[in-house]
Structures are given as C-alpha cells and as structure tokens.
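The sequence and the structure come first, and the description follows.

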Amino acid sequence: MESRDIVIIGGGPAGLAAAIAAHEAGCTDVLVLERDVQLGGILNQCIHNGFGLHTFKEELTGPEYAARYVDRARELGIECRLGTMVVELTPEHVVWTVSPDRGVHAISAKAVILAMGCRERPRGALNIPGFRPAGIFSAGTAQRLVNIEGEMPGREVVILGSGDIGLIMARRMTLEGAHVACVAELMPYSGGLKRNIVQCLDDYGIPLLLSHTVTRVEGINRVEAVWVAEVDESLRPIAGTEVRYPCDTLLLSVGLLPENELSRDAGVELSPVTRGPVVDDALQTSVEGVFACGNVLHVHDLVDYVSQEAAAAGRAAARYVANSSSEAESQTEGTREDERCLSVVAEGGVRYTVPSTVYPARMDEKLLVRFRVDNVYRDRFVSVYVGNKRVWHRKRRVMAPGEMEDVSLKRADLEAAVGATTIRVTLEEE
C-alpha cells in the first residue's frame with residue numbers, strides 16, 4: 001500500500017489552494033487526486049469575469065483564476081493524479097482509487113483533505129408535473145455545453161431558480177442569441193449575489209419573478225412550454241396566477257449539494273443544514289485527521305473565499321501531520337477530547353456557522369467565522385456572545401441568504417470567558 005503524508009481529494013480551486021498551503025507550511029509529501037482529465041474543477045467552464053478581486057486584487061475569468069493555482073502547484077512540484085476516481089475513504093485514512101494507469105489502488109494517508117466540491121440539485125428533486133421531454137437542463141450542464149462543448153441547449157429559455165449559475169446563464173444565453181423569457185424564483189428573495197442580478201438580469205431586461213415557480217412542463221419529445229405560477233407564504237401555487245411561457249428549454253438553478261458520499265462512508269458527521277461536514281476551528285471533521293474545505297463543506301458565493309478557507313485547511317493538515325510525526329509533540333498537544341471546546345450556536349436569523357466548534361487553546365489569535373442568514377434583513381446588528389458576554393456587535397445595512405457573512409473572533413476573548421460552553425452568533429435590532 002502506498003503511504004503519503006497528505007492526500008487531497010479534488011483538484012479544483014479548494015484542493016489546489018489546500019495543497020499549496022500545506023506544501024508552503026512545510027509538508028512536502030502532498031498528493032492531489034482529481035477525477036477529471038485536467039485541474040481547475042468547475043472554474044474551467046466559468047469563462048465570465050469577476051474572479052480574484054479579493055485574492056489577487058484584479059478581475060479574472062474562471063480559467064485564469066484556476067491557472068494561477070495550477071501554475072503555483074507545478075512550481076512547487078506537487079503531485080497531481082488526473083483521471084483518478086476516489087471510490088472509498090475509510091476512517092483509518094485509507095483512500096481507495098480507480099484509474100486507467102493503476103487500476104484499483106490504495107493509499108494510506110496521515111491526513112486527508114476533502115475538497116470534492118458540490119453538484120446541482122436535479123429535476124427529480126422538484127416533483128414538477130409533466131412528461132420527461134428533452135430540453136430540461138441544470139444550469140451548470142448548460143454552461144458546460146455552451147462554454148466548452150460549443151453547443152446551444154435551446155433558443156427560447158425559461159430559468160427556474162435564481163442561484164448565481166442561473167443568473168449567469170441568463171446573460172450567457174442572451175449573448176449567444178437565445179431569448180430568456182424570465183427567471184422564476186420560489187423564494188421572496190434571490191439566491192444569488194446582488195451584482196449578478198444587476199449585471200445578468202437588469203442590464204439585459206430579463207424579468208426576475210420572485211415568489212414564483214414552474215408548476216407544469218408541456219411537451220412529450222421536447223419542451224414546448226412551461227407554466228409559471230405565483231406562490232403564497234407556504235410556497236404553494238396560487239390558483240389563477242398561472243402564466244404559460246412557450247419555450248424549448250428549461251434551465252434549473254435550484255440549489256447546490258455538497259458531494260459528501262465519501263465523507264459519509266468514512267463516518268464523518270454531516271450538518272443537516274449545510275449537508276457538509278461538521279468542523280472545528282481547524283476545519284477538522286469529526287474523524288481525526290480528516291479536514292474539509294470549499295463547497296464540499298458549505299456552498300460559497302465567491303471562489304476567493306473558497307481559496308482562503310482551503311489554505312487554512314491545508315495549513316491545519318500540515319500542522320496535524322507534523323504533530324503526529326513527533327511523539328513528544330503529540331503528548332504535549334493531547335487530543336481534542338482532552339481540551340476545552342466551545343460550541344458555535346446559530347440563532348436569531350443566522351442559518352448556520354462554519355466552524356461549529358472551537359478549541360481556544362489551539363486556535364490562531366483570530367478566527368473567521370462564516371455564516372449565512374435565513375432571510376433578507378436590513379439594518380440589523382450581528383452580535384456574538386461567549387457565554388453571557390457580548391464580544392462582537394456590528395451593524396450590517398443589508399444581509400441576504402445569497403451572500404456569505406463573517407465575524408472575527410479573538411482567542412483572548414474566548415480564553416477570558418471561563419466557564420462558557422457556547423459561542424452564540426445572532427442578529428439583533430439594536
């Protein structure tokens with residue numbers, strides 16, 4: 001069996017950033033496994049600009065952003081195996097792979113970083129009445145067809161769901177000569193970034209129908225029309241509000257699901273909210289030595305945040321390997337069960353937080369806690385309580401579910417709260 005210090009599952013933006021950070025932190029025995037024939041993940045089909053504003057302070061396309069990390073990984077000599085599918089991960093850090101070169105192959109790792117990304121929710125999860133005609137695509141599939149395969153899915157388009165991929169594809173299809181009749185969104189708010197609503201819909205005169213959904217698909221061989229209706233507060237279609245839109249294509253942008261089949265098989269605890277692993281401040285999962293980052297952990301709105309998070313996971317994995325390699329350091333460090341742990345609780349409009357637990361004795365001087373809200377809020381304060389003491393209180397003009405928020409916690413504040421067992425992140429009116 002092959003043995004490696006760190007094995008990273010996934011060669012997209014998260015996997016590459018984690019590999020580079022781990023290598024730069026002193027762990028040079030890093031292996032990246034990627035099932036595709038090239039590195040970069042989903043960024044290879046995201047040919048629009050808007051990437052890299054936070055990381056590189058310049059505007060890049062998706063392939064350009066990915067190329068920065070691919071080039072750096074090659075400069076460092078990080079081994080990346082392409083066309084390699086991971087089929088199983090055991091709690092003992094044994095990674096089973098299948099590839100044309102090696103066949104079925106097992107790798108034993110001191111630490112594993114999960115960076116498998118996410119997938120789109122399919123039509124089967126929506127229960128839309130009608131036949132199963134051609135012309136129904138997920139927005140990501142349509143993006144690949146147009147940007148990589150050079151094929152147009154259709155010419156008369158309706159989009160269900162206002163996630164960022166759906167908004168971007170509304171613009172892309174329009175630029176390629178298609179007519180986008182509308183974007184229908186079930187919720188009373190958009191699931192995408194505000195800038196994408198402006199640049200992809202408003203600038204092209206494409207209507208966004210909030211609190212609307214597709215109730216029926218017409219067509220047997222090919223989509224001929226869809227019916228769109230308004231929904232009430234219980235998200236049920238309102239009778240008499242149906243409007244028929246003739247079209248040959250329905251694009252679905254109805255949510256992303258973290259790819260966690262491998263995580264589940266390894267015994268990793270998953271969050272019922274994010275459907276990603278539950279992690280501590282080092283981005284370590286419930287399985288010792290297994291870390292998670294990027295969209296496999298929780299769906300991000302900006303790839304820059306993915307890279308920042310993945311770099312933190314890479315550094316944490318490198319520290320874990322270094323400590324586990326030294327018996328003296330391992331005895332000094334102890335185990336997570338021996339240390340004081342604070343649970344991070346989401347309340348008052350905060351939907352979830354990452355991380356879910358914090359070990360003050362091990363964390364850095366400052367810790368960035370990311371979270372999303374469950375509705376659109378205006379002029380609210382974000383407050384953080386350690387026990388009964390408020391350590392963070394900042395006003396936010398607007399917060400929406402489509403945009404990630406964050407707070408910064410200081411280790412000194414957590415250590416000073418003797419006896420506290422929770423960190424509460426909540427929204428307050430004053």
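A residue is called buried when its relative accessible area is under 20%, exposed when that area is over 50%, and partly exposed in between. Because Arg244 has a relative accessibility of 38%, it counts as partly exposed, whereas Glu218, at 17%, counts as buried. The model is a predicted one, and every value below is computed from it.

**Charged pairs**

Side chains of opposite charge can pair when their charged atoms come close. A search of the whole structure finds 23 salt bridges, and the table gives three of them.

| Salt bridge | N to O distance |
|---|---|
| Arg144 and Glu149 | 3.7 Å |
| Arg244 and Glu218 | 2.9 Å |
| Glu429 and Arg380 | 3.9 Å |

The side chains of Arg244 and Glu218 meet in a salt bridge at 2.9 Å. Arg244 lies in strand β16 (residues 243–246) and Glu218 in strand β14 (residues 212–218), so this pair ties together parts that are 26 residues apart in sequence. In the pair formed by Glu429 and Arg380, with the closest N and O atoms 3.9 Å apart, distant parts of the chain are linked: Glu429 belongs to the segment after β27 (422–428), while Arg380 is in strand β24 (residues 377–386), 49 residues apart. Glu429 counts as exposed at 63% relative accessibility, and Arg380 counts as partly exposed at 22%. Beyond such pairs, salt bridges that share partners join Glu2, Arg4, Asp29, Glu79 and Arg81 into one network.

Arg102 lies in the loop between β7 and β8 (103–114) and is partly exposed, with a relative accessible area of 41%. From Glu64, which is 38 residues away along the chain, Arg102 is separated by 31 Å between C-alpha atoms.

**Helix α3**

Which residues of helix α3 (residues 139–149) are buried? They are Ala139, Gly140, Ala142, Gln143, Val146 and Asn147. Seen down the axis of α3, these buried residues fall within an arc of 155°, so they line one face of the helix. In general, an α-helix has 3.6 residues a turn, so residues three or four places apart point the same way. The cover over the buried residues of α3 includes β9 (118–120), β10 (136–138), α4 (164–175) and β17 (249–252). The salt bridge between Arg144 and Glu149 joins two residues that both count as partly exposed, Arg144 at 37% relative accessibility and Glu149 at 43%. After α3 comes Gly150, whose phi is positive, near 70°.

**Nonpolar cores and a surface patch**

In soluble globular proteins, nonpolar side chains tend to be buried together. The largest nonpolar core here has 62 residues, of which Ile6, Ile8, Ile9, Val95 and Leu114 touch the most other members. Helix α7 (residues 303–325) supplies the largest share of this core, nine residues. Apart from it lies another core, of 23 residues, among them Leu342, Val386, Val407 and Ala420. Residues up to four places away in sequence set aside, the contacts of Val95 include Val7, Ile9, Leu33, Val86, Leu89, Ile107 and Val112, as well as Glu88 and His105.

On the surface, Met85, Val87, Trp96, Val98 and Val104 form a nonpolar patch with about 420 Å² of accessible area together. The elements that give two or more residues to this patch are β6 (85–89) and β7 (94–99). Trp96, found in strand β7, is partly exposed, with a relative accessible area of 32%.

**Backbone exceptions**

Most residues other than glycine have a negative phi, and most peptide bonds are trans. His93, in the loop between β6 and β7, has a positive phi near 70° and is buried, with a relative accessible area of 7%. Arg275, although not a glycine, likewise has a positive phi, of about 65°; Arg275 is found in the loop between α6 (261–265) and β19 (290–292) and is partly exposed, with a relative accessible area of 46%. The peptide bond from Val354 to Pro355 is cis, with omega near 10°, and Pro355 lies in the loop between β21 (350–354) and β22 (357–358).

Definitions and conventions: Residues are numbered from 1 along each chain as its sequence is written. This is a predicted model: local features need pLDDT of at least 70, side-chain atom pairs count only at pLDDT 80 or more; totals for chains, interfaces and linings use all residues. Side-chain values use heavy atoms; hydrogens and water are left out. Buried means under 20% relative accessible area, exposed over 50%, partly exposed in between (1.4 Å probe, protein chains only). Helices (H or I, at least four residues) and strands (E, at least two) are DSSP runs, numbered from the N terminus. The arc is that of the directions from the helix axis to the C-beta atoms. Contact means heavy atoms within 4.5 Å. Patches are made of residues with over 30% relative accessible area and no salt bridge: like charges are joined within 9 Å, nonpolar side chains (Val, Leu, Ile, Met, Phe, Trp, Tyr) within 5 Å. Accessible areas come from the Shrake-Rupley method with a 1.4 Å probe; for residues, only the protein chains shown count as cover. A salt bridge is a side-chain nitrogen of Lys or Arg within 4 Å of a carboxyl oxygen of Asp or Glu. A nonpolar core is a set of buried Ala, Val, Leu, Ile, Met, Phe, Trp, Tyr and Cys residues joined through side-chain atoms within 4.5 Å.
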